[in-house]
Amino acid sequence: MAFALRLAERGLCTTQPNPRVGCVIAHGERVVGTGWHQRAGGPHAEVFALREAGDAARGATAYVTLEPCAHFGRTPPCADALVAAGVARVVVAADDPFPEVRGRGMEKLRAAGIAAVSGLLREPARELNIGFFSRIERGRPWVRVKLAMSLDGRTALAGGESKWITGAAARADVQHWRARSSAILTGSGTVLADNPRLTVRLQEGEDGSRFSAGMAGAGNDLVSGGIAGGAAAAFSPVTPLRVILDRRLRTPAGSHVLDAQAPTLLMHAADAPVPPHLAGVDRVSLPEGQGGLDLHGALAELARRDVNELHVEAGPALCGALLAAGLVDELLLYIAPVLLGDTARPLLALPPLAQMADRWRLRTLDRRMVGEDIRLQLRPER
């Protein structure tokens, strides 16, 4: 199953909005077929593994990182394919929460006389698809906020200049986090101040499958030799949706986020006047909450648009508002060995605390050096 998870990880940046899934078919310790889901609309992991196994699938055990689908979508049910291939046993890491699948895949396998069990390495399997589970189970994407700061906790000079606090290695690392995301969100203030592109820019030759966090690490050599069905193929990441929270539709003409490099969605207040240059841009109105647009409503809308992981690169006001609202699931914090002084801009705009017991508590998931900078992967303690 660990091997299957490594295979699934190859789809980290390419399967949106589908989950990342891997499959290994084996007789005892002898592997006869492997596969991973490569792109939405294409064959699922089980199909690739069964193709590779051929007749050797009969009587074998299939290890699958997510419950095999039991419904007709863009592809036929994988549960039916496993039954037709004559596998004797199916071991699943995580049950699929999707309503059209939930439990039905396992039921179909057992009805055909196949021994089907689940739960082996469930937590790593859920972690690999943390956004998919968030969207289906909570009705909102997994929200990951990326921040970069100096040692004294500052993000920009008083005048707004922020290029570059971190080094080239950290900036390149961010591109891989963008690549695995369904959407990249910022606010209109950042668009006005920095005119960001909010696109994925990988180095020449990269396909987005190399990733320096989460499931990545030792053991990738298991699948690097092309043994997996189709695993040697290189795929470009699915282009993330650019999302701009722009209450009054202030995004100016000529902004990079309005170019053709990636799709863009503007979220605004219902009474915001629409300037001519934004008339043809995808837009959605949201109710207004305290101090701005309704953030819960924004995330619900993105879930309806099949956004699994939301990558946030914004200013201290929006990032602070998301954290204060309890909507930040993860912080990706890059710390550069520089000092900007006490007149520089702070990391987050948060409400004042009355006592130390009220402080925001974070759990460190990962810490590592990226070039000369420190990268912390943190999760708020609920």
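Guide: Helices here are DSSP runs of H or I with at least four residues, strands are runs of E with at least two, and both are numbered from the N terminus. Bear in mind that this is a predicted model, where local features need pLDDT of at least 70, side-chain atom pairs count only at pLDDT 80 or more, and totals for chains, interfaces and linings use all residues. Residues are numbered from 1 along each chain as its sequence is written, and side-chain values use heavy atoms, with hydrogens and water left out.

Let's look at H4, residues 104–111. Gly-105, Met-106 and Leu-109 are buried there, meaning under 20% relative accessible area, with exposed being over 50% and partly exposed in between (1.4 Å probe, protein chains only). Those three sit on the same side of H4 because they cover an arc of only 95 degrees around the axis, taken from the directions from the helix axis to the C-beta atoms.

Just past H4, Gly-113 takes a positive phi of about 90 degrees.

As for the two strands, E4 and E5 pair in the parallel sense over 4 bridges; pairing requires that DSSP finds at least two bridges between them. Arg-89 stands opposite Ala-115 in E5.
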